[in-house]
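This report covers a predicted model.

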Amino acid sequence: MTDQLQRFTFEHFGVRGEILTLESSWQAVIERHEYGPAVRDYLGQALVAATLLSGTIKFKGSLILQLQGDGPVRTLVAQATDQRMIRGMASAQGPVPANDLAAAFGNGRMVLTAEAPNGERYQGIVGLGGQSLADAVERYFDQSEQLSSRVW
């Protein structure tokens, strides 16, 4: 099992993107905790998002993606470094609905923090919106970065 990151560009259309496959790193994260299927899915999506977003860091450091809410999933954290080292964890109580971010996290927010080794930080906070983590990341880019983005 391997992890792979492939970048691509469509120069004439102003489009760039990345395709990420997490296999061995993902397995290492979920082997350490017994999460239900929905929590595992949300954590996996967050690890992929953090890893992809860490590619935008222009310095040595890490990107931390946190989801916090008052729903069954209270906290979910995914961290990726500029060296593509990842780690993550989640805290949930009771049954967690699958494929419904609002129901899983309730009234919540997403916090993205870019952190340099010297302690310098940049942080963006947006309310959780949409049905999926991809929707929340797109919302972050729209509101915080004013950059039209799509996540699949």
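## Positive phi angles

N99 is placed in the loop between β5 and α3. Its phi is near 60°, a positive value in a residue other than glycine. With a relative accessibility of 66%, N99 counts as exposed, because the cut-off for that class is over 50%.

R84 also has a positive phi, near 65°, and is likewise a residue other than glycine. R84 sits in the loop between β4 and β5. Its relative accessible area is 28%, so R84 is classed as partly exposed.

## Nonpolar surface patch

A nonpolar patch on the surface is formed by F8, F10, F13, V15 and I19, which together have about 510 Å² of accessible area. The elements giving two or more residues to this patch are β1 (4–10) and β2 (15–21).

F8 belongs to strand β1. At a relative accessible area of 31%, F8 is partly exposed.

## Nonpolar core

The largest nonpolar core comprises 37 residues. Those with the most contacts inside this core are Y42, L47, L65, L67, L76, F105 and M110. Two or more residues come from each of α1 (24–31), α2 (37–54), β3 (62–69), β4 (73–81), β5 (86–92), α3 (101–105), β6 (108–115) and α4 (133–145). The element that gives the most is α2, with nine residues.

Which residues does L67 contact, leaving aside its neighbours within four places in sequence? They are R74, T75, L76, F105, R109, M110, L128 and L133. Among them, L76, F105 and M110 are also listed with L67 as having the most contacts inside the core.

Key. Residues are numbered from 1 along each chain as its sequence is written. This is a predicted model: local features need pLDDT of at least 70, side-chain atom pairs count only at pLDDT 80 or more; totals for chains, interfaces and linings use all residues. Side-chain values use heavy atoms; hydrogens and water are left out. A nonpolar core is a set of buried Ala, Val, Leu, Ile, Met, Phe, Trp, Tyr and Cys residues joined through side-chain atoms within 4.5 Å. Buried means under 20% relative accessible area, exposed over 50%, partly exposed in between (1.4 Å probe, protein chains only). Helices (H or I, at least four residues) and strands (E, at least two) are DSSP runs, numbered from the N terminus. Contact means heavy atoms within 4.5 Å. Patches are made of residues with over 30% relative accessible area and no salt bridge: like charges are joined within 9 Å, nonpolar side chains (Val, Leu, Ile, Met, Phe, Trp, Tyr) within 5 Å. Accessible areas come from the Shrake-Rupley method with a 1.4 Å probe; for residues, only the protein chains shown count as cover. A salt bridge is a side-chain nitrogen of Lys or Arg within 4 Å of a carboxyl oxygen of Asp or Glu.
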